[in-house]
Every structure is written in structure tokens, then in C-alpha cells.
Amino acid sequence: MKSIYEENGGTYHWEGDYLIPDLEAPEAPKIGKYGRMRHKYLRSHHRGIFDGMFTDVLFYSRLMDIC
């Protein structure tokens with residue numbers, strides 16, 4: 001019987017006596033200089049706005065759009 005992970009195309013590898021799933025971390029977003037500056041400014045000076053934006057799914061895409 002296959003697990004749900006295997007049914008969806010996942011694979012495992014052996015490490016000693018254990019089967020470990022082959023997982024990959026998602027690629028880190030590429031944020032430019034001004035996006036990083038905006039992130040630091042909001043985190044330091046406007047914590048409420050930063051927390052609200054950080055929980056938003058589009059937070060990093062908005063930072064990547066800043067030129």
C-alpha cells in the first residue's frame with residue numbers, strides 16, 4: 001500500500017534503518033536593495049503595518065516589485 005506522499009509522486013531514501021522523504025525547500029524570493037530597505041524600515045519603525053503585511057501572502061511579491 002502506497003502512502004499519499006508516494007501517490008502524489010514523492011520518493012524516499014534510506015538513511016540507516018529509516019526511510020526519509022526527499023523534500024526540497026522552496027526557492028528564496030529575490031528581493032532587491034530597495035525592497036530590503038523597505039522591509040527593514042517597516043520592521044523597525046512601523047511594527048503594526050509590518051506584522052499585517054507579513055501575514056499577507058503577497059508580502060514578498062510586493063517587496064520584489066519595489067525598484
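A salt bridge here is a side-chain nitrogen of Lys or Arg within 4 Å of a carboxyl oxygen of Asp or Glu. Keep that in mind as we walk through this predicted model, where local features need pLDDT of at least 70, side-chain atom pairs count only at pLDDT 80 or more, and totals for chains, interfaces and linings use all residues. Residues are numbered from 1 along each chain as its sequence is written, and side-chain values use heavy atoms, leaving out hydrogens and water.

Let's start with the overall layout. The protein has four helices and two strands, in the order α-β-β-α-α-α from the N terminus. These elements are DSSP runs numbered from the N terminus, with helices being H or I of at least four residues and strands E of at least two. The C-alpha trace spans about 50 × 25 × 20 Å along its principal axes. Of the 67 residues, 13% count as buried (under 20% relative accessible area; exposed is over 50% and partly exposed lies in between, with a 1.4 Å probe and protein chains only).

Now zoom in on His46, which sits in the loop between helix H2 (33-45) and helix H3 (47-54). His46 counts as partly exposed because its relative accessibility is 31%. Glu15 is 31 residues away from His46 along the chain, and their C-alpha atoms are separated by 46 Å.

In one, the side chains of Arg47 and Asp51 meet at 3.3 Å, N to O. Arg47 and Asp51 are separated by about one helical turn because they are four residues apart in helix H3. Arg47 is partly exposed, at 46% relative accessibility, and so is Asp51, at 37%. The other salt bridge joins the side chains of Asp56 and Arg62, at 2.9 Å, N to O. Asp56 has 27% relative accessibility and counts as partly exposed; Arg62, at 41%, is partly exposed too.
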